[in-house]
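Subject: Structure for you to look at

Hello,

Here is the structure I said I would pass on. Please open it alongside this email.

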Amino acid sequence: MADDKKLTTRAADFSAWYNELVLRAELADYSPVKGSMVIRPNGYGIWERMQRALDDKFKATGHRNAYFPLFIPESFLKKEAQHVEGFAPECAVVTHGGGKKLEEPLIVRPTSETIVYHMFAKWVQSYRDLPLLINQWANVVRWEMRTRLFLRTLEFLWQEGHTAHATHDEAEEETRRMLGVYRDFMEGWMAMPVVTGQKSESEKFAGALRTYSCEAMMQDNKALQAGTSHNLGQNFAKAFELQFQTEAGGLDFAWNTSWGVSTRMVGGLVMTHGDDNGLVTPPKLAPIEVVIVPIWKSDEERGRMTDAAYALRNELQSWTGRGTHDPLRVHVDAREGVKPGAKYYEWEMQGVPLRLELGPKDLEKQSVFSARRDTRAKAPIPMAGVCEGVAAILETMQRELFDAAKARREANSYRGPITYDRFKEIMEGPGGFVYAGWNGDPAVEAQVKEETKATIRVIPDAEFRSPDAPTTCMVTGQPAKYEVVWAKAY
RNA sequence: CGGGGCGUAGCUUAGCCCGGUAGAGCGCCUGCUUCGGGAGCAGGAGGUCGGAGGUUCGAAUCCUCUCGCCCCGACCA
């Protein structure tokens, strides 16, 4: 009886733990259509907070939101050779509408480069129209063979930024800037440390010149590609005749970038911070940061305690110590007929960062009893200064979640000279990030993937590289062209 | 598309070999007692046993077909 209330532990079966958590925390549920899911209010609430934070960052870097249609003419996809090769196999295609066969099939967008740059071509005439900085929040469809809640579903929600620039260097700067924005968000809001860097040729976006990525390590030591930013060069501009008059009077193709993050990040958040009791949400992304549970025995006490709980909520909500635009998000759980213990388990499963218990004894002592979700640390907070006290705990928790995740990642990262045999041991065993030399040959990359299922996650940016750069390729022993991060990935 | 598992109440499932009144736990509703870490008692609602054929006096159970889902692989944000 007690057992079926517990989650499968991470140690016993990480995959089962993840699925159970997502369902039990009511983040999402399976839909009647295979491979697609319903995002429930608990999960959507986290996504909304992600959206808000990211949208502010996009606006602050000069982007404006727009919306492009769901349907794309099939012919558009075919205009960029690599793009069609990459995406055609996973596209949903509409062949009928209004009871009639369509003259030209419509693709349900797997991503919107083609239609966006088709439109850009109409809007851009001169270098004065550049840069054009657009973002859209949308759903996209990719017909994946194997799906997983939040991590890979047929349809998912994301944001896709699309920009056009006059020069390669400007486009490159934008590509890197947005990768930085993603990193700031993932580390500052999700408390999820990432390794940034460039993708190898085989892993880059179909149609891009270069792809950069944020890679996070999950608690099973596998990598999650959490966000990508692409320098598209002039590939799409040429395919869609996106040209402009230069300052000198000539004609040139524009330079494009695109970048995106998706609801997959919710899955990343779960697998970064969740524990065997359920979800752990970083305070900054928690739809509810604080839940107050009033404790009573008699009816008389129930009245007094719920009143006190709502009064405490009002005090917390109206506190402006974090600024008027960032009030504490507080919920009172005054349900009758559910015992306090049952409420504790429920809110822990849902990942609410801080629980406040308020009973007659606390009221007498003019304090409230707090329990932190991640460490389970419990301590009374004096009513005088309760807002500051609560805010301080949340701030500490946000920081410590990041520190803990980063320490875990580093503990499972391997640097220094390594043999291919040792590498195989790591990948068959605990897994993790292995920093090693690579001769740059795609055949080596393919061989390692075939033999170990590990892939090159990124060619890391300078700050992530080892103090002593590897000099030889881990597999061939030839001179290393790059230091790369190997890992099994989601 | 290969390999494995499974479809019985909202959920988890027993029953299936060996055909004969469809059972349990959780959840839900009502009432009373409870309430500082998953409450107890009493009463109650809820089922075309995934679907279609067949065998049989009789099918959740046996046979055939079919649909769907989950997990593991190949592919991918």
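Below is what came out of it, starting with the domains and ending with some local details.

Please keep in mind that this is a predicted model.

Domains

Chain A splits into three parts: domain 1 (14-273), domain 2 (288-396) and domain 3 (413-487). The centres of domain 1 and domain 3, taken over C-alpha atoms, are 28 Å apart.

The interface of domain 1 and domain 3

On the domain 1 side, 20 residues make contact, and they touch 19 residues of domain 3. Interface size is often quoted as the accessible area lost when the parts come together. Here domain 1 and domain 3 bury about 1500 Å² between them. Carbon and sulfur atoms account for 52% of that area. Three residues stand out on the domain 1 side: Val195, Met217 and Asn221. Together they supply 30% of the area that domain 1 buries against domain 3, more than any other three residues.

What about charge? Four salt bridges are counted between domain 1 and domain 3. Polar contacts across the interface of domain 1 and domain 3 come to 10 residue pairs, with both residues at pLDDT 80 or more.

Which elements of domain 1 touch domain 3? Helix 6 (168-188), strand 9 (195-198), strand 10 (210-217) and strand 11 (223-233) each supply at least two residues. By class, that side of domain 1 has six nonpolar, eight polar and six charged residues.

Aromatic pairs

The structure holds 17 aromatic pairs. One of them joins phenylalanine 58 and tryptophan 137. Their ring centres are 6.2 Å apart and their planes are at 35°, so the pair counts as tilted. The two residues come from distant parts of the chain, 79 residues apart. Phenylalanine 58 is in helix 2 (residues 41-60), and tryptophan 137 is in strand 7 (residues 132-141).

Backbone details

Two spots deserve a look. The peptide bond from leucine 130 to proline 131 is cis, with omega near -5°. Proline 131 is in the loop between helix 5 (113-123) and strand 7. The other spot is glutamate 26. Its phi is positive, about 60°, although glutamate 26 is not a glycine. This residue lies in the loop between helix 1 (14-24) and strand 1 (28-30).

Best wishes

How values were computed: Residues are numbered from 1 along each chain as its sequence is written. Chains are lettered from A and ligands numbered from 1 in the order in which they are written. This is a predicted model: local features need pLDDT of at least 70, side-chain atom pairs count only at pLDDT 80 or more; totals for chains, interfaces and linings use all residues. Side-chain values use heavy atoms; hydrogens and water are left out. Domain bounds come from an automatic or database domain assignment. Contact means heavy atoms within 4.5 Å. Buried area is the accessible area (1.4 Å probe) that two parts lose on being put together, summed over both. A salt bridge is a side-chain nitrogen of Lys or Arg within 4 Å of a carboxyl oxygen of Asp or Glu. A polar contact is a pair of N or O atoms within 3.5 Å; within protein, one must be able to donate a hydrogen and the other to accept it, and residues adjacent in sequence count only if both atoms are side-chain atoms. Helices (H or I, at least four residues) and strands (E, at least two) are DSSP runs, numbered from the N terminus. Ala, Val, Leu, Ile, Met, Phe, Trp, Tyr, Cys and Pro count as nonpolar, Asp, Glu, Lys and Arg as charged, and the others, Gly among them, as polar. Rings of Phe, Tyr and Trp (its six-membered ring) pair if their centres lie within 6.5 Å; planes under 30 degrees apart count as stacked, over 60 as edge-to-face and the rest as tilted.
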